[in-house]
Amino acid sequence: MLDITVNTPGGKRKIGPGNPVFIIAEISGNHNQSYKRALKIIDSAVEAGVDAVKLQTYTADTITLDCKNKYFQVKSSNPDWDGHTLYSLYQMAHTPWDWQPKLKKYAEDKGVLVFSTPF
């Protein structure tokens, strides 16, 4: 089993067998394109005791095509998604790139590591 050490704003943390669980909160598109909501999500994650917050780095243009054929149409029982294209959903869900340095500083000032999965 792999045992690693991570540098967090709160200090070094060992990850691996015999160490406390390293908890990561996923912000994803749950901010609904509201920067204030993204900050509230970080606040809630910090309050819950997470070790890290994960963002996603993409735009609709970097992850799919702006295509309206049937293969790119969303068919869902969720009325908020049904009938949308993948492109339009990713436009609504992406975290604006210019927010990311500000969200990183905000979370790290609270002692939480921030990272992103790029697409």
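The charged end of lysine 102 sits over the ring of tyrosine 35, 5.3 Å from the ring's centre. "Over a ring" has a set meaning here: NZ of Lys or CZ of Arg is within 6 Å of the ring centre and within 35 degrees of the ring normal. Keep in mind that this is a predicted model, where local features need pLDDT of at least 70, side-chain atom pairs count only at pLDDT 80 or more, and totals for chains, interfaces and linings use all residues. Residues are numbered from 1 along each chain as its sequence is written, and side-chain values use heavy atoms, with hydrogens and water left out.

Now for the rings themselves. A search of the whole structure turns up 2 aromatic pairs. Rings of Phe, Tyr and Trp (its six-membered ring) pair if their centres lie within 6.5 Å; planes under 30 degrees apart are stacked, over 60 edge-to-face, and the rest tilted.

| Pair | Centre to centre | Angle between planes | Type |
|---|---|---|---|
| Tyrosine 35 and tryptophan 99 | 5.5 Å | 75° | edge-to-face |
| Tyrosine 58 and tyrosine 90 | 5.7 Å | 80° | edge-to-face |

Tyrosine 35 belongs to helix H1 and tryptophan 99 to the loop between helix H3 and helix H4, so their pair ties together parts 64 residues apart in sequence. Tyrosine 58, in the loop between strand E4 and helix H2, pairs with tyrosine 90 in helix H3, 32 residues away. (Helices, H or I with at least four residues, and strands, E with at least two, are DSSP runs numbered from the N terminus.)

How buried are they? Tryptophan 99 is buried at 10% relative accessibility, and tyrosine 58 is buried at 4%. Tyrosine 35 is partly exposed at 25%, as is tyrosine 90 at 27%. (Buried means under 20% relative accessible area, exposed over 50%, partly exposed in between, using a 1.4 Å probe and protein chains only.)
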